[in-house]
Amino acid sequence: MSEYNLVIGLEVHSELNTATKCFCRCKNEFGSEPNTHCCPVCTGMPGALPILNKEAVKKAITMGLAVGCKINNHSVFERKNYYYPDLPKAYQISQLEYPLCVGGHIDIVVNGQAKTIRLNRIHLEEDAGKLIHDHEGTLVDYNRGGVPLIEIVSEPDMNSAEEAVAYLEKLRSTLLYVGVSNCKMQEGNIRFDVNISVNKPGDPLGTRTEIKNLNSFRAVQRAINYEAQRQIDVLDDGGVIIQETRRWDDALGKTFSMRTKEDSQDYRYFPDPDILAIEIDEKFVEQVRLSLPKLADQRAIDYKQMGLSIQDAELLTSQRMYSDYFDEVLSCFNDPKFVCNWITSEVFKRLNVDESDVIDIPVAPNNMAKLLKMYKDGEINQAAARQVLDELWKNDSDPASIVDAKGLRQLNDVSAMEEIMKKIIEENPKAVAELKAGNSKTMAFFVGQAMKASQGKANPKIINEIVNRLIK
Ligand SMILES: [Zn+2]
């Protein structure tokens with residue numbers, strides 16, 4: 001494998017979260033009864049006329065600006081002609097010659113190496129319906145037909161599966177930051193096509209194959225590694241790579257030939273005579289630019305200025321949800337380092353951040369802030385704070401009432417603790433001698449004993465002070 005270069009380009013289809021579809025007023029909503037969000041336009045009835053959804057254009061431009069695209073002032077919808085049962089019009093409204101956005105880039109970091117992946121274009125198009133195969137046959141649901149999609153096309157600038165995944169993670173994070181797509185992979189909001197070829201250093205680019213419709217980062221990674229090795233094996237056996245579209249079988253971990261790759265000519269694209277060209281003035285573009293939220297890179301800079309480490313800043317900004325949550329907790333309890341440590345350890349652990357999909361944090365930011373303040377002020381100790389978080393996670397409520405109901409308040413009464421410690425010291429002359437001899441690890445023993453005697457409510461800081469005072 002090492003004597004070959006890997007060349008990878010990605011096409012990402014991302015559904016926009018508009019209220020209605022791209023060319024009609026049907027609802028854009030996942031999970032409804034099949035075929036309930038349909039009309040003559042999105043089911044291609046003769047004589048029905050499409051009307052462009054301005055919100056979809058705005059969202060596509062928003063994403064374009066977030067990744068540094070140039071916005072074309074003149075943009076055209078074309079018909080991509082093909083037949084498939086999920087496409088009753090027998091053409092998809094898409095863009096070819098004059099897409100909304102061109103150029104742009106996504107910056108990634110893999111193994112500490114920064115790299116810029118160039119974008120070719122972002123265009124707006126409509127989604128097709130969904131086929132549902134079961135043992136009795138195939139059913140079709142047209143609710144998804146006509147939902148606005150952006151297709152984000154990269155240049156073939158990636159050279160490993162790791163780079164491809166880093167690119168997709170950054171791209172999805174950006175879509176979520178600007179809020180134009182929900183990016184829920186299990187709902188098919190975001191889907192990936194991988195173009196891949198191999199060549200030996202110095203040789204011209206190899207023939208590429210395309211793997212269609214992957215729907216998880218893990219599938220992308222596995223499919224790239226499998227397909228690269230397959231192509232290398234073919235070439236090493238003296239064979240040739242056929243330009244074709246391949247299907248990834250996740251259960252078998254293999255790609256299979258679907259059809260020889262079609263070119264854009266095969267689709268007989270032509271400008272849709274029912275839809276006027278879009279003329280976008282600079283003023284509109286500027287308006288959208290001004291409405292862009294603060295993106296990950298800028299937020300990371302802000303966090304570093306608050307005193308967080310680069311790693312922490314990157315962790316918190318890896319998803320807008322984390323960063324928004326952090327900001328909201330801070331607005332109630334302004335201790336960046338303390339809040340960050342808690343979120344990146346205790347909260348992430350409970351979210352299981354290895355899961356690549358978006359999961360909500362079930363604890364309201366103000367409740368999280370209250371909990372952290374009690375912990376910081378020494379009203380509860382760390383073990384109790386964790387226990388309260390577990391409760392909030394199951395059933396979000398006021399942390400103070402959980403602390404009271406469970407009797408978790410920390411014992412901060414110095415004279416009461418002193419009584420307890422005097423007894424422990426009396427009963428453990430050996431440990432006292434060890435501590436006096438300079439074995440500082442013995443302190444943990446005293447803290448443990450104090451915790452036991454106080455049902456876990458002792459304040460470890462106060463115990464330390466008392467032990468140091470009483471044993472000299
Ligand atoms: Zn419709």
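How far is the sulfur of cysteine 183 from the closest cysteine sulfur? In this predicted model, the separation is 16 Å, and the partner sulfur belongs to cysteine 69. That is too far for a bond. A disulfide requires two cysteine sulfur atoms within 2.5 Å. Cysteine 183 is also buried, with a relative accessibility of 0%. A search of the whole structure returns zero disulfides.

The zinc ion is coordinated by the SG atoms of Cys24, Cys26, Cys39 and Cys42, at 2.3 Å. Along the chain, these donors follow the spacing C-x1-C-x12-C-x2-C. The geometry at the metal is tetrahedral, because the four donor atoms subtend angles of 101 to 114° around the zinc ion. The limits for this assignment are 85 and 135 degrees.

Arginine 218 belongs to helix α3, which spans residues 217-236. Its relative accessible area is 59%, so arginine 218 is exposed. The threshold for exposed residues is over 50%. Isoleucine 232 is 14 residues away from arginine 218 in sequence. In space, the C-alpha atoms of arginine 218 and isoleucine 232 are 21 Å apart.

Technical notes
Residues are numbered from 1 along each chain as its sequence is written. This is a predicted model: local features need pLDDT of at least 70, side-chain atom pairs count only at pLDDT 80 or more; totals for chains, interfaces and linings use all residues. Side-chain values use heavy atoms; hydrogens and water are left out. Donors are N, O and S atoms within 2.8 Å of the metal (3.2 Å for Na, K and Ca); water is not among the atoms, so sites may look incomplete. Four donors count as tetrahedral if all angles lie between 85 and 135 degrees; four count as square planar and six as octahedral if opposite donors are over 155 degrees apart and all others between 65 and 115; anything else is irregular. Buried means under 20% relative accessible area, exposed over 50%, partly exposed in between (1.4 Å probe, protein chains only). Helices (H or I, at least four residues) and strands (E, at least two) are DSSP runs, numbered from the N terminus.
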